[in-house]
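Subject: Structure handover

Hello,

Please find the structure below. My notes on it follow.

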Amino acid sequence: MAPIDRIVGVVGPTASGKSRLAVELAQRLGNAEIVNADSMQLYRGMDIGTAKPTEAERSVVPHHLFDVLDVTETASVAEFQRMARATIAACHGRGVTPILVGGSALYVRAVLDRLDFPGTDAAVRDRWAAELDSRGAAALHAELERRDPAAAAQILPSNGRRIVRALEVIELTGEPFAATMPGFESVYANVTLIGLDVPRDVLDVRLAERVDAMWAAGFVDEVRALLGAGLAESPTASRALGYQQILAFLRGEMTEDQAREATITGTRKFARSQDRFFRKDPRITWLPYDADNLVDQALQLLKA
């Protein structure tokens, strides 16, 4: 029987094959379940654009923390940490190995590491949000770079919500936002982190093919359907890659082809950012994504 306190993490950039490896690992282990660590897969209805596992795929082994938020709700790292740790505790209570799967280093670390989140101040946040509306994300990112270069290097210039949060924390604590990140020390004793290594040129092709497949699967229609659920007004879900671009297309701000190309370009930049942040974690063992014996190699890591 597997150790009851074991946690497995499968990480890496978008389109590296994390979900497939996680399911195959769970099947081979025989007593394991998947725990989502992708912020956008938390949302109901955001299926095609987030490459969410299908109902059929999720029926193979139990999956947790998918479809838990409406698109009008805000995905909070602090709330996700609470939900994910409760899910892990429930798995351990049943003698089940949780397999944490995701492409966000922040979300993965929020679950595993000693990461405490500073409080919020609505007035401070609203003031910075107003600055975002008036000056734009790029200008606010430059402000963040002046105040905290390390934090600015970790946040995409287009991610206005995270820029606002970083500036809020800096103002409230008087410390750099990056200083709130702990060392690579888990709150759990038995963690194995597996990263999927994909050469950049190969990943670029895979990402373009994935976006084209999403379009062919009805991505635009998915976004149209979510308009009625309040997607366009959502401060979080509406900014997801692909959804943001298709919303711009539906507003007449770009053509459909431009939206698709912008999604490919944005996804490539995001994947490089994901990979760069994960590479900083010395606990991750990287395995070639296309190894014939990938699952066997992963199982050997668990035995070790």
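Why does aspartate 70 count as partly exposed? Its relative accessibility is 37%, and partly exposed lies between buried (under 20% relative accessible area) and exposed (over 50%), with a 1.4 Å probe and protein chains only.

This is a predicted model, in which local features need pLDDT of at least 70 and side-chain atom pairs count only at pLDDT 80 or more, while totals for chains, interfaces and linings use all residues. Residues are numbered from 1 along each chain as its sequence is written, and side-chain values use heavy atoms, with hydrogens and water left out.

Salt bridges

Side chains of opposite charge can pair when their charged atoms come close. The whole structure has 26 salt bridges (a side-chain nitrogen of Lys or Arg within 4 Å of a carboxyl oxygen of Asp or Glu). Aspartate 70 forms one with arginine 44, with 2.9 Å between the closest N and O atoms. Arginine 44 is also partly exposed, at 35%.

Arginine 58 pairs with aspartate 67, again with the closest N and O atoms 2.9 Å apart. Here arginine 58 is buried, at 15%, and aspartate 67 is partly exposed, at 22%.

In the salt bridge of arginine 251 with glutamate 253, the closest N and O atoms are 2.8 Å apart. Arginine 251 counts as exposed at 52% relative accessibility, and glutamate 253 counts as exposed at 52%. Elsewhere, salt bridges that share partners join Asp47, Lys52, Glu55, Arg58 and Asp67 into one network.

Regards
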